[in-house]
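I am opening this notebook to record what I look up in one chain. The entries follow in the order in which I made them.

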Amino acid sequence: MRRLLLLLIMGGGAGFWWLRRAGRAGDAAPEPAGGNAPYQQPRLGGEIAPELLEILACPLDKERVERAGNFLVCQQCQQHYPIRDGIPVMLVDEALTPEQAATAR
Ligand SMILES: [Zn+2]
């Protein structure tokens with residue numbers, strides 16, 4: 001009889017402990033949804049105003065660029081300048097060769 005009582009006490013304790021754990025888990029704040037979303041890489045593409053395209057030029061040779069997919073392509077040297085989130089990145093360091101652009105497309 002004493003052993004049974006001991007088991008009941010132990011069992012009750014374990015149950016109580018489990019309930020507290022479950023309760024604490026329930027109290028935990030839910031995962032923030034979009035509140036502090038991680039930084040997102042800008043995506044290729046996006047709309048560019050035609051007026052903007054008119055005044056853009058290749059920084060290497062000041063030639064006209066034309067849109068080809070997600071890139072602005074220099075009509076002279078064929079360098080591909082990426083468009084990220086609608087913003088043309090007219091930087092020589094960011095420009096891709098036609099071969100590189102073909103794989104990035
Ligand atoms: Zn060029």
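What percentage of the 105 residues in the chain do buried residues make up? I find 12%, taking a residue as buried if 20 or more other C-beta atoms lie within 10 Å of its own, as exposed if 12 or fewer do, and as partly exposed in between, with C-beta atoms placed from the backbone.

I note the source next. The model is predicted, so I keep in mind that local features need pLDDT of at least 70 and side-chain atom pairs count only at pLDDT 80 or more, while totals for chains, interfaces and linings use all residues. Residues are numbered from 1 along each chain as its sequence is written.

Elements. I looked up the helices and strands, which are DSSP runs numbered from the N terminus (helices H or I, at least four residues; strands E, at least two). The chain has 3 helices and 4 strands, and from the N terminus the elements run α-α-β-β-β-β-α.

The 4 strands form an open sheet in the order 1-2-3-4, with antiparallel pairing; two strands pair if DSSP finds at least two bridges between them. Strand 1 and strand 4 (87-88) are at the edges with a single partner strand each, so one side of each has no neighbour in the sheet.

Hairpin. I then looked at strand 1 (residues 65-68) and strand 2 (residues 71-74), which are antiparallel and joined by 4 bridges. Ala-68 has Phe-71 in strand 2 as its bridge partner. The two strands form a hairpin with 2 residues between them, and Gly-69 in the turn has a positive phi of about 65°.

Leu-72. I picked this residue in strand 2. Why does Leu-72 count as buried? Leu-72 counts as buried because it has 24 C-beta neighbours inside 10 Å. I counted contacts as C-beta atoms, placed from the backbone, within 7 Å. Beyond four places in sequence, Leu-72 is in contact with residues including Leu-56, Val-65, Tyr-81, Ile-83 and Pro-88. Its C-alpha atom is separated by 9.4 Å from that of Ala-57, 15 residues apart along the chain.

Cys-74. Not counting residues up to four places away in sequence, Cys-74 touches Cys-58, Leu-60, Asp-61, Glu-63, Val-65 and Gln-79.

Methods:
Contact = placed C-beta atoms within 7 Å.
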